[in-house]
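Open the model in your viewer and keep the selection panel at hand.

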Amino acid sequence: MLKLNRVHHIAIICSDYPKSKHFYSEILGFKILLEVYREERQSYKLDLEVGNQYQIELFSFPGPPARASRPEAAGLRHLAFEVDDIDEAVGSLQANGVITEPIRIDEFTGKRFTFFADPDGLPLELYEK
């Protein structure tokens with residue numbers, strides 16, 4: 001059987017690199033590990049650290065096609081991030097102009113969660129610890 005250790009990274013392609021870089025590093029607070037510009041691809045690659053454990057690779061490419069996420073398109077549904085206090089996290093997002101859905105309760109775990117979107121409409125979730 002295949003032995004997978006953990007998620008190594010999550011790759012996201014954005015349409016407006018400066019806007020997405022600001023969103024992920026300044027609003028969500030992910031630490032910038034490395035930023036490179038690849039001239040031959042006219043593309044930035046930004047490595048971001050999530051909670052000392054995971055890494056997001058943020059890419060820019062000229063004219064990426066839009067990807068459907070609603071209504072519930074096949075494929076990756078969303079990325080979920082664990083938070084200690086969902087009210088505090090939602091307040092921080094809203095203070096930065098990020099619109100969040102109403103907080104809901106997971107019917108199976110009893111935990112609170114909500115959704116919001118990145119600058120390209122990628123659905124993101126906050127899930128309370």
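Select β2 (residues 31-38) and β3 (residues 43-50): these strands run antiparallel, joined by 7 bridges. Strands are DSSP runs of E, at least two residues, and helices are runs of H or I, at least four, numbered from the N terminus. Two strands count as paired if DSSP finds at least two bridges between them. Now pick Ile32; Leu48 in β3 stands opposite. Move to the hairpin of β2 and β3, with 4 residues between the strands, where Gln42 takes a positive phi near 50°.

A word on the model: it is predicted, so local features need pLDDT of at least 70 and side-chain atom pairs pLDDT 80 or more, while totals for chains, interfaces and linings use all residues. Residues are numbered from 1 along each chain as its sequence is written, and side-chain values use heavy atoms, without hydrogens and water.

Next, show the open sheet: 4 strands, order β5-β8-β7-β6, mixed pairing. β5 (79-83) and β6 (104-105) are the edge strands, each pairing on one side only. β6 pairs with β7 (residues 112-117) in the antiparallel sense over 2 bridges. Select Ile105; its bridge partner in β7 is Arg112.

Finish at Leu2, in the segment before β1 (10-14). Leu2 is exposed, at 67% relative accessible area; exposed means over 50%, buried under 20%, partly exposed in between (1.4 Å probe, protein chains only).
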